[in-house]
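Reader: Hi! I have a structure here that I've never looked at before. Could you walk me through it?

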Amino acid sequence: MSGGLSDADKRRTGLVYHPDFLKHDTGAHHPERAARLIAIIEKLESSGVLERLIKISPEPASLEQVEYVHERSYIESVRNVCERGGGMLDPDTPVSAASYEVALLAAGGVLKAVDEVFNGNLESVFAAVRPPGHHAERNKGMGFCLFNNVALAAEHLKRRGLKRILIVDWDVHHGNGTQSAFYDDASVLYFSTHQYPYYPGTGWFDETGSGDGRGFTVNVPLPAGCGDAEYVYVFQEVLKPIAVEFRPEFVLISAGFDPHETDPLAGMRVSSETFGVLTEIIKEIASGSGMVLALEGGYSLSGLTESVWCVLASLLGDFECDCGISKMEAKAAVKNRVAEIKRIQGEYWGL
Ligand SMILES: [Zn+2]
């Protein structure tokens, strides 16, 4: 279909990374630590994947760009805490002297990823950034998050004229900050799977948007213990039909790997391979429109690195899974939950 292009040219995949991301110092015992990114890069290097990725060097987001989503007073308060040498934004969210600059670099990295794909230079990008973003609210940092990288990217795409942006948030926690940024906005469809009840407490399935945004928030709260069959079932039964009807011009993924079976914080049982399967499903939905994934959570180093490797295998076009996930049967409780969500979302979508 693309004439003489080689497979490599057809599947140009980028990676955002910068060693300064390691300078956001959360202390010796915090799960969201620099070792996460070191482990990811080591795995990509040792497996030969790193050399196949187009490296994107991030630049810091401007204050004006961070203000797409956040209040100036909040941005300045983060800067002030860091200038004083660090402190706590909330009981879970330590910042160090460098954290403000690092958070700008993380946000700017996701914005640059979006530009590279929007301009047609790359088909997809994985942004290995920290600190993560999806809990960050307009005027509040929380849950390890300072600035909402993915929400800023969606606002950036709106300013480039896009009218239909899909955000898929598969982190095990609900992305309260992203949901609230677009709750009344029909141009950004926010879809989230998350453990419920669990931190931060939002994301029940009756939260479907407000005003013009009614039906453009799709929450799939799941009980602890869900694994491969349940996640694939939800993506096929809920995300796929809604996304196909929405026809996204761009897909952003809040890629948290804390639903992994080895994650020390959460209670899900998702295997590394399933993150590749979910990426395959999203690639099908995106069908040629751009895809950018931004790292959120994921606190088991082995689970994180293997899962990211599977995602990149999918983006590079050589993911193979003979694990039989698609033939597995989802638990009845999850099928019932999905039926309830289809009933509620059926008011807005042809489910
Ligand atoms: Zn998380």
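This is a predicted model: local features need pLDDT of at least 70, side-chain atom pairs count only at pLDDT 80 or more; totals for chains, interfaces and linings use all residues.

Reader: Thanks! Which helix has 15 residues, and how far does it reach?

Author: That is α10, residues 301-315. From its first C-alpha to its last it reaches 21 Å, close to the 21 Å expected at 1.5 Å a residue.

Reader: And how many residues of α10 are buried?

Author: In α10, 11 of the 15 residues are buried, so the helix is largely enclosed by the rest of the structure. Among them are G303, L304, V308, C310 and L312.

Reader: What do the buried residues of α10 pack against?

Author: They pack against β1, α2 (35-46), β5, α9 (272-286) and β10. After α10 comes G317, which has a positive phi near 85°.

Reader: Let's zoom out. How many helices and strands are there in the protein?

Author: The protein has 11 helices and 10 strands.

Reader: What about its radius of gyration, and why does 19 Å agree with a compact globule?

Author: For 351 residues, a compact globule would have a radius of gyration near 20 Å, so the 19 Å of this protein agrees with that. The C-alpha trace spans about 55 × 50 × 40 Å along its principal axes.

Reader: What share of the residues is buried?

Author: Buried residues make up 58% of the 351. As for contacts with a separation of 6 or more, 80% of them come from residues 24 or more positions apart.

Reader: Now the sheet, please. What is the order of its strands?

Author: It is an open sheet of 8 strands with parallel pairing, in the order β2-β1-β5-β10-β9-β6-β7-β8. The edge strands are β2 (54-56) and β8, each of which pairs on one side only. From one strand to the next, the twist averages 15°.

Reader: Which helix packs on that sheet and touches β1, β2, β5, β9 and β10?

Author: That one is α5, residues 99-118. Its direction makes about 165° with that of β10.

Reader: How many bridges are there between β5 and β10?

Author: Strand β5 (residues 124-127) and strand β10 (residues 290-295) pair in the parallel sense over 4 bridges. Across that pair, A127 stands opposite A294 in β10.

Reader: Back to helices. What can you tell me about α11?

Author: Helix α11 covers residues 332-345, which is 14 residues, and reaches 20 Å from first to last C-alpha, close to the 20 Å expected at 1.5 Å a residue. Its buried residues are V334, V338, I341, I344 and Q345. They cover an arc of only 120° around the axis, which puts them on the same side of α11.

Reader: Which exposed residues are on the face turned away from the buried side?

Author: That face of α11 carries A332, N336 and R343. The buried residues of α11, meanwhile, pack against β8 (217-222) and α8 (228-246).

Reader: Is F144 buried or exposed?

Author: F144 counts as buried at 13% relative accessibility, because the cut-off for buried is under 20%. F144 is in the loop between β5 and α6 and has a positive phi of about 75° although it is not a glycine.

Reader: And S287, buried or exposed?

Author: S287 is exposed, with a relative accessible area of 59%. S287 is in the loop between α9 and β10, and its phi is positive, near 30°, although the residue is other than glycine.

Reader: Last one: where is P94, and what does it touch?

Author: P94 is in strand β4, residues 93-96, and is buried, with a relative accessible area of 11%. Not counting residues up to four places away in sequence, P94 touches H24, T26, H30, G87 and M88.

Conventions. Residues are numbered from 1 along each chain as its sequence is written. Side-chain values use heavy atoms; hydrogens and water are left out. Helices (H or I, at least four residues) and strands (E, at least two) are DSSP runs, numbered from the N terminus. The expected span of a helix is 1.5 Å times one less than its number of residues. Buried means under 20% relative accessible area, exposed over 50%, partly exposed in between (1.4 Å probe, protein chains only). The arc is that of the directions from the helix axis to the C-beta atoms. Contact means heavy atoms within 4.5 Å. Two strands pair if DSSP finds at least two bridges between them. Axes are lines fitted to C-alpha atoms, for helices over the stretch in contact, and angles run from 0 to 180 degrees between N-to-C directions. The radius of gyration is taken over C-alpha atoms; the globule rule is 2.2 Å times the number of residues to the power 0.38.
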